[in-house]
There are 2 protein chains.
Amino acid sequence: MLKKYYLLSPGPTPVPETVLAKAALPIIHHRTEEFSNIFMEMTEGMKYVFQTKNDVYTLTCSGTGAMESAVTNLFSPGDKVLVIVGGKFGERWGQICKAYGVNAIEIPVEWGCAYPAEELEKALKANPDAKAVLCQLSETSTGAVYDIEGFAKVVGKTDAILVVDGISGLGATPCPMDQWGVNVLLTGSQKSLMIPPGLAFISFDDKAWKLVEASKLPKFYFDMKKARKNLAKKTTPWTPGVTLVIQQLEALKIIKEQTMEGILEHHRILADAVRAGVKAIGLELFATAPGNILTSVKTPKGVDGNALVKTMQKKYMAYIAGAQEPRKGEFFRLAHLGYMSGFEMIIMISALEMTLKDLGYPVTMGAGVAATQKVLQEEWK
Amino acid sequence: MLKKYYLLSPGPTPVPETVLAKAALPIIHHRTEEFSNIFMEMTEGMKYVFQTKNDVYTLTCSGTGAMESAVTNLFSPGDKVLVIVGGKFGERWGQICKAYGVNAIEIPVEWGCAYPAEELEKALKANPDAKAVLCQLSETSTGAVYDIEGFAKVVGKTDAILVVDGISGLGATPCPMDQWGVNVLLTGSQKSLMIPPGLAFISFDDKAWKLVEASKLPKFYFDMKKARKNLAKKTTPWTPGVTLVIQQLEALKIIKEQTMEGILEHHRILADAVRAGVKAIGLELFATAPGNILTSVKTPKGVDGNALVKTMQKKYMAYIAGAQEPRKGEFFRLAHLGYMSGFEMIIMISALEMTLKDLGYPVTMGAGVAATQKVLQEEWK
């Protein structure tokens, strides 16, 4: 049979055709007025996504590069920070701190669970010398979303800053930087921003900039003071991903047209539709604090979780994501992130039903799809 | 909500991404060895689709242009031909004949129905001076497929030739030109051939070439003797659609990889899956002789057929086709043609269920999808 590739993962996510087409246009030079105009318009659009009046800096790197830029620009050797670790990306904050000699106190959180702001308040009181709290908006490895609004409130009462990795979350779940008082917010291009991997974005408020001024960790490519100086001249310190910037401007036009409220509501509807389908199949959600970015689902008893993901991907070419080590096989992740429509949710749930049937799991074909359809039909605008 | 465009019509059909990408490459000149090599390789591939050892000529025009080329190259003023008219495209044969002063005897066939070869045999006996029988492989306006193998047998016993419009049918339902003894076969690029509209292909056997040699109708752009002379020199008389030829070569690689048997079986599975879905919803097929190209479905009682198509297209962006005049609203057409995967059938049936619900028609959400899934899950390879 002729098969098609369906990218249903929490990053990279599908890219709109009008955005893909921009990659076929000739490369323009980055030290020109033409590119500066595009770059500044894109930067303005990104401030809308961040919901901030602060500058937003464009880095040509993956989201991990932006995480590193946060650490190396904010801290000095031996600085103490609190890191909320509820999955692979919380762990990554800890790894970056370790690589640069920052003293990361890890706060373990059960995978998929919330972490109450009151607990963070206690942790900050126990560590009055902590320079920052590092966490995710959405922990991509589980789909859990943290209470960033609550975190910002308790961190805001201290001298510490709140550094939020919004790589999979920003643009899919609310995180208005200025309104909530997030001090540093960063994201990547290949999630809700609807372009290929290769760009990352980061913003610092005034409180964070004070730490940047005092920071003594080594940095060069990710030097934010250089980035700030160059942004004032409508450019970047180093050669930016020209095509990606042009594509990002195009994708931001879609976001602006839909409005941030509309985009967030879209993700909410898709999440509801997928969860209705999963529950109708009789499966259980893995995360107890799921966001609207992705839905992690427990592998049902008697089914090999790795075979499930492999069948979805290889037989049906429905590229959902498995769980990561050390929880591989225990659950799987269905994304509803970025340029996905209601019908991708139907593809996902129908492929899941057919896969479960292939693997001998008792499933009433169409029951999950019907529940997904019901949510979509009622909410489709 | 973010919506995506789903092209589910019997032409144009979706184009594979690897084929679309070829349109972004620079245009090469057509009077070069480089292009001649591409053109001849594409022509060889097309002979595989036609299942013929005859030459296949590439015309830069739509399928209708190829139909006109058949008429103007085969006949002379006042020639009598039999035309099987079971829908809009049968009518088109008659219109072209009329425009050129060919005496077309129209054989009316109820829309959506078969026409028995025995009836054609009788018609040929009643019209021993008929030069040709003109018909469709698949009547795109209804989805009915004719018994071309049977037609070829009865026409083969006479001096007449069989001219088959395979525009929507070739590559989706069997029509091996040489094996069946079809004298003239033609098709368009925007159906099972999986490229954008703009090219058409036509092939004549020796019996047909004798008529071409004797033809006195006026022609210039579509002059097949010029085309034959140029093909011998590995080129075309006029500037060909260079990009479309390059795209066609790319698409033919997919067909060759799948094999003709595989491609035909793929269309059979999709057709079965769609019909299972339609029947499970409780709807009736319109055509009594449906092929594997498209499924025409009667608009159920109490539903406005035009509103149904409009809701599918505008609300769900599922671009199925309505019926054409004078049967508009009476039925609608679900395509399973070209670069469509099993999941497009699921999108189509789920959108149809949601649309019927929107229009107040009693539908058990998911019942049609389940039936479609069942066929797909059992047959998916």
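This is a predicted model: local features need pLDDT of at least 70, side-chain atom pairs count only at pLDDT 80 or more; totals for chains, interfaces and linings use all residues.
**Entry 1: Glu250(A)**

I started at Glu250(A), which touches Thr18(A), Val19(A) and Lys22(A), leaving out residues up to four places away in sequence. I then looked up where Glu250(A) sits, and found it in helix H10 of chain A, residues 242–258. Buried or exposed? I counted 21 other C-beta atoms within 10 Å of Glu250(A); the cut-off for buried is 20 or more, so Glu250(A) is buried. I also checked Ile195(A): 55 residues separate it from Glu250(A) in sequence, yet the two are 9.1 Å apart in space, C-alpha to C-alpha.

**Entry 2: domains of chain A**

Domain 1 comes in two pieces, 6–12 and 258–379, and domain 2 runs over 18–257. I got 28 Å between the centres of the two domains of chain A, taken over C-alpha atoms. How many residues of domain 1 of chain A are in contact with domain 2? It is 25, and they meet 30 residues of domain 2 of chain A. On the domain 1 side, the elements giving two or more residues are helix H11 (260–281) and strand E11 (294–298) of chain A.

**Entry 3: between the chains**

I moved on to where chain B touches chain A. The contact takes 32 residues from chain B and 32 from chain A. On the chain B side, H11, H13 (342–358) and H14 are the helices that each give two or more residues. Which element gives the largest share of that side? It is H13(B), with 9 residues. I wrote down the classes for the chain B side as 16 nonpolar, 8 polar and 8 charged.

**Entry 4: H11 and H14 of chain B**

The crossing of H11(B) past H14(B) is right-handed. Among the contact residues I listed Ile269(B), Ala273(B) and Gly277(B) from H11(B), and Gly368(B), Ala371(B) and Val375(B) from H14(B). The residues of this contact divide into 13 nonpolar, 3 polar and 3 charged.

Conventions. Residues are numbered from 1 along each chain as its sequence is written. Chains are lettered from A and ligands numbered from 1 in the order in which they are written. Domain bounds come from an automatic or database domain assignment. Two residues are in contact if their C-beta atoms, placed from the backbone, lie within 7 Å. Helices (H or I, at least four residues) and strands (E, at least two) are DSSP runs, numbered from the N terminus. A crossing is left-handed if the near helix is turned anticlockwise from the far one by less than a right angle, and right-handed if clockwise. Ala, Val, Leu, Ile, Met, Phe, Trp, Tyr, Cys and Pro count as nonpolar, Asp, Glu, Lys and Arg as charged, and the others, Gly among them, as polar. A residue is buried if 20 or more other C-beta atoms lie within 10 Å of its own, exposed if 12 or fewer, and partly exposed in between; C-beta atoms are placed from the backbone.
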